[in-house]
Amino acid sequence: MVKYIGFRLFQALLGLWFIATLVFILSRSIGDPAEVFTARNSGVDAREIMAAKLGLDRPLHEQYLKFIGQLVRLDLGESVSNGIPVTQILVERMPATFTLGLIALLFALVFSLPLGVLGAVYRDTPVDWLAKVMAFLGQSMPPFWLGIMLIILFAVVWGLLPPAGKGEWHSYVLPGFTLGWGVMAGMVRLVRSSMLDVLDSDYVAMARAKGLPEVVVIGKHALRNALLPVLTYSSLVLGAFMNGSVVVEQVFAWPGIGTSAVQSVVRRDFPVIQGVVIVFGSFFILINLLVDIMYAVIDPRIKYTQ
Amino acid sequence: MANTSMQIVSPTTLWAVRVRSVLGGLRRAPKIPSLVLLVFMIFAAFGQWIAPYSPVAVDMAASFSPPVWHEEGSADHLLGTDKLGRDILSRLIRGARVSLSLSLFVIGLGGGVGVVLGLISGYSGGKVDAVMQRGIEVILAMPTILVALVFVFAVGRSFESVILILSPFLAARFARIVRGETLSVRERDFVAIAKVIGTPTWMILLKHILPNVFNTIIVLATLEVGHLILLESSLSFLGVGVPPPQPAWGLMVADGREFLTSAYWITLFPGLCILAAVLSLNLFGDWLRDTLDPRRRQL
């Protein structure tokens with residue numbers, strides 16, 4: 001077990017290093033890095049100052065070591081458009097992104113649990129059919145378009161909810177739902193299929209044979225066992241949300257990390273993009289690491305097989 | 001699954017049986033999804049002859065005309081026009097080519113590499129397998145859209161750069177699943193026999209293992225095309241996809257965002273196209289999986 005966790009830690013560090021190196025290579029290999037790092041239309045002077053600041057006169061391996069050294073100290077440089085340290089920008093914007101992710105997860109769970117359970121219990125009935133339709137639509141609908149359609153309906157036509165921005169509680173509804181929608185599809189399928197497996201099992205047959213009411217059989221014996229894969233999936237989903245949040249935040253002008261990533265692409269603000277990728281990448285890898293370790297703790301059959 | 005009884009049949013017969021069963025099975029394919037896919041494929045292949053206008057023809061006099069069923073709409077532009085007066089229907093038809101061809105290129109490049117890596121990784125086992133699997137896990141643990149955002153930002157926006165950055169992610173997914181299949185196929189008797197009679201490794205992979213994982217590859221490819229169309233349109237929407245004025249569906253949705261209140265049709269129809277294409281691919285892929293490969297219900 002210790003060996004497995006140690007190995008996974010090593011692998012996570014390898015992933016982090018890989019992302020950092022990729023960013024480094026991209027920033028140096030394409031054209032003049034001083035150009036990449038300075039704002040568009042800045043003069044020759046600005047470029048030279050930036051070149052000196054980045055240490056571009058030094059040999060490449062020295063630049064690389066310095067870059068990694070700064071990363072280890074969580075120094076991600078400064079935004080070229082407003083001079084604010086990148087770390088500060090990210091820390092300020094992180095809460096908005098995380099709240100949105102949690103709300104999306106909540107939406108996904110609230111919709112998928114009942115639908116998946118009912119779909120499995122009342123197999124091949126309209127409920128099951130509805131669950132399948134939702135699952136397919138969730139998988140196939142582009143999230144940015146869903147968001148825009150929801151804005152048209154709920155904000156423009158009916159005027160019920162704000163179209164964009166972060167304010168009171170009701171401003172969370174549309175972006176949260178949009179981000180959660182795609183994940184919900186996966187969850188409905190997962191709940192439904194793991195419920196079907198469990199309903200076939202001996203202990204459910206046993207519970208029924210004892211004459212327990214169906215509600216108890218489903219709610220207590222079946223559902224609790226079917227939830228395990230759903231829980232693991234939920235934790236992985238937080239990682240998937242980061243991918244989605246880039247798009248969804250853009251649709252709803254949500255002041256989170258995803259928005260700053262897209263804005264900095266438009267402004268050619270490389271230090272900020274670099275920071276977002278490194279932070280999101282690290283978070284992604286960290287979640288995967290925690291899930292794997294959790295798995296190993298819960299299920300001792302999993303072990304590192306080498 | 002017929003696989004168990006097919007084990008002893010020679011690969012050539014296996015192919016014949018498979019081709020026949022696919023052709024016979026296609027008659028039972030889900031009607032509507034197959035039809036939708038066929039229409040999109042025709043649009044992608046012959047779009048320039050079908051579309052009533054050029055997708056980039058600007059006609060400021062006709063800007064923001066609504067679809068034909070509105071009072072102010074005209075039959076000149078069935079689905080209306082955008083802010084530059086470009087015909088939405090023509091752009092949708094031509095947009096099919098961008099989405100489909102890009103996805104097929106990625107499937108070809110990324111999927112091809114993934115299959116080869118998966119075969120090698122699963123067949124050789126040991127250190128080769130271990131190193132490859134760790135590499136694949138690293139790639140799968142990266143947020144696709146963000147990495148693509150940075151890559152396209154750095155390299156420049158083009159059809160090729162989108163293909164280049166999406167391919168490794170696809171290769172990793174293919175490699176992981178093909179490896180899993182290969183692990184079980186390589187334990188079968190016919191592989192052992194081929195080894196005993198001295199068949200070279202590449203021949204075993206090509207003639208004995210590949211045909212047996214082929215169903216999985218086909219199913220995976222169908223489902224992944226849908227996934228790729230969604231990814232590509234997301235990138236287009238964010239402004240790092242295929243560059244304008246090429247009519248990509250995701251880009252069209254983004255174009256219409258400013259005019260949500262006045263001209264919903266600019267946004268609505270491209271989104272419906274993406275939805276229809278991806279939904280059909282998923283339904284078709286699901287059917288294909290149930291037909292060809294019933295063991296992999298979770299794919």
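**Helix packing and the chain contact**

Guide: In this predicted model, helix H4(A) is followed by A:Leu74, whose phi is positive, near 60°.

Visitor: How many residues does H4 of chain A have, and how far does it reach?

Guide: Helix H4 of chain A, residues 60-72, has 13 residues and reaches 19 Å from its first C-alpha to its last, which is close to the 18 Å expected at 1.5 Å a residue.

Visitor: Now H6(A) and H8(A): at what angle do they pack?

Guide: Helix H6 (residues 126-140) and helix H8 (residues 173-199), both of chain A, pack at an angle of about 140°, and their axes are 7 Å apart. The angle is why H6(A) counts as oblique to H8(A), and the crossing in which H6(A) passes H8(A) is left-handed.

Visitor: Which residues meet there?

Guide: On the H6(A) side they are A:Ala131, A:Met134, A:Ala135, A:Gly138 and A:Gln139, and these meet A:Trp181, A:Gly182, A:Met184, A:Ala185, A:Val188, A:Arg189 and A:Arg192 of H8(A). By class, the residues of this contact between H6(A) and H8(A) are seven nonpolar, three polar and two charged.

Visitor: Switching to the two chains, how many residues of each are in contact?

Guide: For chain B the number is 37, in contact with 37 residues of chain A. Elements of chain B that give two or more residues to the side touching chain A are helices H5 (126-140), H6 (144-155), H9 (201-238) and H11 (265-292), with H6(B) providing the largest share, ten residues.

Visitor: And what classes of residue make up that side of chain B?

Guide: The side of chain B that touches chain A has 26 nonpolar residues, together with eight polar and three charged ones.

Key:
Residues are numbered from 1 along each chain as its sequence is written. Chains are lettered from A and ligands numbered from 1 in the order in which they are written. This is a predicted model: local features need pLDDT of at least 70, side-chain atom pairs count only at pLDDT 80 or more; totals for chains, interfaces and linings use all residues. Axes are lines fitted to C-alpha atoms, for helices over the stretch in contact, and angles run from 0 to 180 degrees between N-to-C directions. Helices (H or I, at least four residues) and strands (E, at least two) are DSSP runs, numbered from the N terminus. Angles under 35 degrees count as roughly parallel, over 145 as roughly antiparallel, 65 to 115 as roughly perpendicular and the rest as oblique. A crossing is left-handed if the near helix is turned anticlockwise from the far one by less than a right angle, and right-handed if clockwise. Two residues are in contact if their C-beta atoms, placed from the backbone, lie within 7 Å. Ala, Val, Leu, Ile, Met, Phe, Trp, Tyr, Cys and Pro count as nonpolar, Asp, Glu, Lys and Arg as charged, and the others, Gly among them, as polar. The expected span of a helix is 1.5 Å times one less than its number of residues.
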